[in-house]
Amino acid sequence: MSESYDYIIVGGGTSGLVLAARLTEDPTVSVLVIEAGADKRKDPALETPGLVAGAYTDDSYTWPFRSTAQAELNGRHLRQDTGRVLGGSSLTNFMMAMFPSRTNLDTWGKLGNSGWGYDDLAPYFQKFSTSHPPSEAIRKTLGGLAYYQDDMTGNGPVQLSFDDQYNVMNENWFKTFAELGLEMKTDPRTGRATGAFQNSSTIESGTNTRSSAVTAYYSDEIARRPNLKVLLETTVQKISTRKDSLLVAEGVEVKNKDGNVSTIKAGKEVILAAGTIRTPQLLELSGIGDRDLLESLGIEVKIDNPNVGEHMQDHLMTSQQFPVKKDIPSKDGLRDPAVFQSAFEQYASAKQGPLAGMGTSVAYVPLADRGGVMTVADRKAMFDKYLTSGPALSPVQKREFKLIRELLEAEKEPAIQYLCFPGSLTVTEHPDTLTDMFTSHTPYDCIGILSLLNHPFSRGNVHITSKDVSVPPTWNPNYCTHPLDLEMLARTVGFVEKIVNTAPYKDMIDTELKRLPDATGDDLEVAKEIVRSRTVSCFHIAGTARMLPVELGGVVDERLIVHGTSNIRVVDASMIPLEPLGNIQTTVYAVAERAADFIKAQKV
C-alpha cells in the first residue's frame, strides 16, 4: 500500500479499531490506523481478567497521566492511566459493561444535538456486542436475576458474559438492596434501571479471557485485509492542513520509534480516536484551539476555538473499605504468595478460579443519603441552595446545569452508581502507580463499596504546555470545584452507612477491626472529609472535544466533524457532550459504530 490512504485513524483503541474494521468492509476504501503503543493482546497481564490491576505498574501498557493538585480534594494529585496499546483502554480497563439511561442520552439531544437521543444510539449497543446470559448457577447465587432479558443478545464482536466469581458477598448485596426497597425490576440495558443488579463484563464466555477492541475488531481475518494497515509504536505529531473555505486535513506528520519523521497523506479524512486527553492535545498542536494559548506557544492559529480541551467531565469515585469476617471471601487473600500462585496455576491450566473474573456487583440509585433515597422535595431544596446563588454562570452553563438538574431531580434517574468490590481499594495521597490502589494495605481482608457520581457539575480541562507532542498535556479535572458535587458525594457516603448497617450486608463486617477510612458518614461534615480524602477518578474522562454547536461550547458537529474543518472528525470519549451514567466503554463502542455508518453513508 502507498503512503496515502482514504482515511487515517489516529489511535488504535476502543473506537479507532471499530472504525477501521467497519470502513474496510468496503474493499475499495483504504484505511491506515496509527497507534503509539504495541500489540500486546496476548500478554497475560492484559488478557487475564484477575490480573488487570498489575498492568498499571508498566508504562508500556498505559499513559500514566497525573493531575494538577486538586484543591478541593486536600491538594492531592490523582492518576489517570489510559491505554497505550493496540486496543487502547479496552485492553486495560476493568471490563465492566454498563449501559446509559434513556433520559441520559435524550439529554444529549436537548443540549443541542439533533438526532442524538436514546432511540438513535440504542441499536448500536446491540451492534457492537453479543451478550451471553448468566448460567443457572449464577442466577441461583444472585437470587434469580429475574429482571434479565434473555432476548437482548445483540450480534456484535465484543463478547459480554458473567464470570463465575460471585459468592456470598454478591448474594448479600442483592438481598440488602431488596431490604432497602431497591430491588432491580428492569434490565439496565433497556435504558431504565433503579436498584442492585449484576453487570456483565467484556470477557469471552468459555475461555474467560478479555474481550477487547483488538480481539473483536482486529481479528486475524480483519488484519489480513489488503486495504487496512496498522502502524504500531508510531506517534502522530500534528495534522497537516490547508485553508480553503474550510480547513482541510491533507494528512498527518508522524514519528516512528526510531525517531524518523514523515508525512502520510489522507485522501478523504483524518479521524481522531486518541482519547479524551490526547485528542485535544493533537487539535491544539495542529493549530485548532484557544488563540491565546496557541500564540503563547508559537503555534499558528488555524481555527480559534477556546472550547478545545475544556468541559472535561468524569465520574468521581469515593472508596470505603470494610473488614470482613473470616468466612467471607475477599480478593485481598491473593496478597499471600502461596494463594496467588495457586490461583495463577488454576487459571493457566483451566481458565478458572479467582483470576477468571472480577466478582463485582453494582447498583443504580437516585440521590440518597443516610436516611435513604431522597424525596423529590429534598432534592429540590438542595439544588436551590447551590444553583440559585454563587458565582455568575454563563448562558451556556445555565442551560447545561438546568438540564443536569432535571436529570438528577427525576424520581427514578440514577444519580449514583454503587459498586460492590470484592477486596480493598486503597487511596493514598500521591500514588506512584494505580496498582498501589488495588493492593491491600491492611493485614486483614476487606471488601469495599465505591460510590460514583454519575453527573457532576464540575468541569475540568486538558491543555498543551509545549509544541512537543512528547510533553504530556496538563490535566486539571477541577474535581468538586462546584460545591454541589461535594455535597452529593457526601450524601452518598451517608447512604453507604445505611447499606453497611442493613442485614445481611452488615453481618459480613468484622466490627472489631478498623475500616478505611476510620470514620463514619453519619455526619454530613465528616462525610465531606471522607470524600476529600478518599475520592479518585473512575477513569471515565470525557467531553474535551464535545459534540455541540460552537456557541454552546462545542468542538464537533452532529456528524462529529470538527467545526471549521471539512474532514477532521473526532470519534472517541472526548466528543461526549454529557457524561453517561455507568462505565463509559459501551457508549464509546456504540458511538464508534454509529460514526462508521455516518462515514459510509457520506461515501454513497
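In the predicted model, helix α3 (residues 102–112) packs against helix α13 (residues 395–409) at an angle of about 160°, with the axes 11 Å apart; axes are lines fitted to C-alpha atoms over the stretch in contact, and angles run from 0 to 180 degrees between N-to-C directions. Helices are DSSP runs (H or I, at least four residues) numbered from the N terminus. The angle makes α3 roughly antiparallel to α13 (over 145 degrees). The contact (heavy atoms within 4.5 Å) is made by Thr 103, Asn 104, Thr 107, Lys 110, Leu 111 and Gly 112 of α3 and by Arg 399, Glu 400, Leu 403 and Leu 407 of α13.

Asn 104, located in α3, counts as buried because its relative accessibility is 0%; buried means under 20% relative accessible area (1.4 Å probe, protein chains only). A polar atom of the Asn 104 side chain lies 2.7 Å from the backbone nitrogen of Leu 581. Beyond neighbours within four places in sequence, Asn 104 is in contact with Leu 407, Glu 413, His 455, Leu 578, Glu 579, Pro 580 and Leu 581.

Helix α9 (residues 275–285) is largely enclosed by the rest of the structure, because 11 of its 11 residues are buried. Among them are Arg 278 and Glu 284, together with Ile 277, Leu 282, Leu 283 and Leu 285. Gly 287, which follows α9, has a positive phi near 90°.

Residues are numbered from 1 along each chain as its sequence is written, and side-chain values use heavy atoms, leaving out hydrogens and water. Local features need pLDDT of at least 70 and side-chain atom pairs count only at pLDDT 80 or more, whereas totals for chains, interfaces and linings use all residues.

Note on methods. Helix = DSSP H or I, 4+ residues; strand = E, 2+ residues; numbered from the N terminus. Buried < 20%, exposed > 50% of the residue type's maximum accessible area, 1.4 Å probe, protein only. Polar contact = N/O pair within 3.5 Å; in protein donor to acceptor, adjacent residues only side chain to side chain. Parallel < 35°, antiparallel > 145°, perpendicular 65-115°, else oblique.
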